[in-house]
Amino acid sequence: MSTEVAALRAEVKANQQQLQQQYEKTGDAVALLRQRSMQVDIVLRKLWALLDFPDTLAFAAVGGYGRGQLYPASDIDLLILLPQEPNTSLQEKLERLVGYFWDIGLEIGHSVRTVQECLDEAANDITVQTSLLEARLLTGHQQLFSTFEKRLHGNLDPLVFFEAKRLEQQERHLRFNETPYSVEPNCKESPGGLRDLQVIFWIAQAADYGSSWADLEKNGFLTREEMAYGEQCEDYLRHLRIRLHFTVGRREDRLLFDYQNTLADQFGFSSTPAKRASEQLMQGYYRTAKAVTLLNTILLQNMGAALAPESEQMPQVLDENFQSVGNLLDIRDENLFERQPAAILDSFLVMQENHELHGMSARTLRALWRARELITPEFRANPAHRAAFLKLFQSPRGVVHEFRRMNQLDILGNYLPSFGRIVGQMQHDLFHVYTVDQHILQVLRNLRRFTMSEFAHDYPLCSRTIIELDRPWLLYIAALFHDIAKGRGGDHSELGTADAQEFCEQHALDAEDTELVVWLVRHHLVMSQVAQKEDLTDPDVIGNFSRLVGDARHLSALYLLTHADIRGTSPKVWNQWKGKLLADLYYQTL
């Protein structure tokens, strides 16, 4: 038996090498996943035959392996299905099988259950139920396996399954801080990773909506454009995970710094004076993850509505273009944005003005995503559109939520092309743990918190200072532009100053407000540098800084922006020492 096991081990190793060589030659990710599944099928059937198991048992692949999508270093999940509890002889044989799994060099996860035990486990654990739904018979008793499948699907309630998978996804996202934009994301489990796409197809399969992008499009859950976009995102993530497994030589789904340069080289990126190859790779990843997050949101909303139609919820008309359905903003006409492009920005203003709305309907989200291409130079030059965009900063509520939503839908990056260039751009330094666009939105969030009474205890000086400041919304514009020129090469403060100047002039800010915004962008790093690197007991230091700021308005605005900026780099960067230095410099200068 040891000779046969050694031969199987050699076969597994040779298969893996052959697959890698073939993938490097053809670049066909789908073929690799399918062929690895087929090769493992053959090896496991040989092993099963060697042990001469009774023909009353069924041997099945489950999970990703059952789906026929086996990545180079993925676990191989197996189910050994029994007609009844095993006797001593069968138990010993099963134990030998498990030992041989390891001996032949495969990472096996297995379970040994009767049909009833499978049903009981599935009822208690949504992860087990999901894995079993993808079961595929390898060898053994066909009738036993068919009975298992029939009873498993018979016990499945698609709506209950949908709610359980949605809750499971929310809990998974929480483990990753609900962001796709961490510096070392998990390309499988993080928000926007492969798992978010798999959730879509698990729910579709459970509800008999299909098992492919084409099926979802055929059943009306996707447009043809969205289908193509989904296939493109899935293909990118497949290649990334395959190359990561080959690079590391074992199961690893985290895009750690140690691997990013190697992967960037494999994807054909090379460093430029302004941007490292790894930063280019990660920008592509983050933009893909953002798109996956949006597709996941749209599809889960659509499938949820199909599974549980809320016909009793009558639309509440908000104005001539929008209505509320189930506290979601809904467009009254599918072609609203094509007919009336100004409504693109109006949709976010309506969200700000109606506090009972807690999101947008799926058809509104998809219509806005399609409408991003309508934001042309002519759209941006329209005075009415410029006034609407400026009004978004001035709302008493919903500023951060709507700018985040605009970024998610690529509306913000299309309206401000300079912002679009930094979407998904990582910053490889000791401080920033967010992409540039997410850092900017974090700074905006921090500034908004200074205005809210519920945060006054956390930020007492900032809360008092911002209340006394005229037109604090000017700070939000400065926040939007303070890092907008990152990655271009050169001094990002000076380059961002030019962008801010152009924006203020185009949006008809008066000379005084324009000067403040532009000055803040140019000098947004100065207060932090003086506070942390210079001697605050030296009168000359305070005198020089005082001459730079010129008056109390500029000082207060710079203090608030600096405080928000430092806090927006990383949860770990801010500390009481930095807070005291900034406050000391503020008071002495004042």
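Predicted model: local features only at pLDDT ≥ 70, side-chain atom pairs only at ≥ 80, totals over all residues.

Biologist: Start with helix α25. What should its 15 residues span?

Modeller: At 1.5 Å a residue, residues 492-506 should span 21 Å. The end C-alpha atoms are 21 Å apart, so the two values agree.

Biologist: Which residues of α25 are buried?

Modeller: They are H492, S493, G496, T497, D499, A500, F503 and C504.

Biologist: Why might residues that are three or four places apart point the same way?

Modeller: An α-helix has 3.6 residues a turn, so such residues point the same way.

Biologist: And what covers the buried residues of α25?

Modeller: Other helices do, including α18 (383-394) and α21 (417-420). The cover also includes α24 (473-482) and α26 (511-522).

Biologist: What happens at the start of α25?

Modeller: D491 has a side-chain oxygen within 2.9 Å of the backbone nitrogen of S493.

Biologist: And just after α25?

Modeller: There A508 has a positive phi of about 60°.

Biologist: New topic: strands. Do β5 and β6 run parallel or antiparallel?

Modeller: Antiparallel, with two bridges joining β5 (residues 316-317) to β6 (residues 322-325). Q316 has S324 in β6 as its bridge partner. A hairpin of four residues links β5 to β6.

Biologist: How many bridges pair β6 with β7?

Modeller: Four, and that pairing is antiparallel. β7 covers residues 328-331. Its I331 stands opposite F322.

Biologist: What sits between the strands in the hairpin of β6 and β7?

Modeller: Two residues. In that hairpin, G326 takes a positive phi near 60°.

Methods
Residues numbered from 1 in each chain as written. Heavy atoms only, no water. Expected span 1.5 Å × (residues − 1). Buried < 20%, exposed > 50% of the residue type's maximum accessible area, 1.4 Å probe, protein only. Contact = heavy atoms within 4.5 Å. Polar contact = N/O pair within 3.5 Å; in protein donor to acceptor, adjacent residues only side chain to side chain. Pairing = 2+ DSSP bridges.
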